[in-house]
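This report describes how two parts of one protein chain meet. The structure is shown first, and the description follows.

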Amino acid sequence: MSKGDNVVVLDFWASPFCARVKIALEEKGVPHVDNEEDLFGKKSELLLKSNPIHQKVPVFLHNDKPVLESGIIVSYIDQVWSSNPLLPADAYDLAQARFLADFIDKKVFDTGRSIWASNGEEREVGTRDFIEVLKHLEEALGEKDYFGGDVFGYVDIIAIPHSAWFLAYEKLGNFKVEDHSPKISAWIKRSLQRESVKKVLPDPEKVYQFVLHFRKISGLE
């Protein structure tokens, strides 16, 4: 990176999708500025201008040029700052990583939401669905330290930010991740030892309180 590079993340503290971008930047050692957005009040003009279609975070601004969608942003960061690669070089391994990242994108947050944004039977169904997703991830992880093998990489960056929400899912769904997916639980603990992850991820208790507040203002409590 040249000295003239300017890197800004339009951010929201509790968003696992924003956390992916920040962890990738930390892994690469890229200096950056995080601009916290008020997603429940007035969104900034910069956000509306940079992401006019979805008007969502994260937005990654590299020398004022916006890159959108967290998985795409992480890939972009890996290409621009190519040392310490996050994506596998082998074509087959890359295809597998992209498939697993797509599964995480489509399943983890939405099934988690079906736990915290519901009550009664709907929440019970959501909890069962979420545990099933964890089991698929556990199978993909297998006996490896990380999803890509021995090294923390792309899929780990895509997945680990969701773990900050797991306490909320556990408390509202009345289950423990460790009871159903001990390997995923161990992977979370292992990943949390990394400086990049420790620095970026929010306190799960703070996320839980945020979820309770959101349930209250949504009329779920």
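About 1,700 Å² is buried between domain 1 and domain 2, buried area being the accessible area (1.4 Å probe) that two parts lose on being put together, summed over both. Carbon and sulfur atoms give 73% of the area between these domains. Trp13, Arg20 and Ile23 supply 37% of what domain 1 buries against domain 2, more than any other three residues.

The model is predicted: local features need pLDDT of at least 70, side-chain atom pairs count only at pLDDT 80 or more, and totals for chains, interfaces and linings use all residues. Residues are numbered from 1 along each chain as its sequence is written, and side-chain values use heavy atoms, with hydrogens and water left out.

The domain assignment, from an automatic or database source, places domain 1 at 7–80 and domain 2 at 91–218. Their C-alpha centres lie 21 Å apart. In contact (heavy atoms within 4.5 Å) are 16 residues of domain 1 and 23 residues of domain 2.

Across the interface there are 3 salt bridges, each a side-chain nitrogen of Lys or Arg within 4 Å of a carboxyl oxygen of Asp or Glu. Arg20 forms a salt bridge with Asp105, with the closest N and O atoms 2.8 Å apart.

The side of domain 1 that touches domain 2 divides by class as follows.

| Class | Residues |
|---|---|
| Nonpolar (Ala, Val, Leu, Ile, Met, Phe, Trp, Tyr, Cys and Pro) | 10 residues |
| Polar (the others, Gly among them) | 2 residues |
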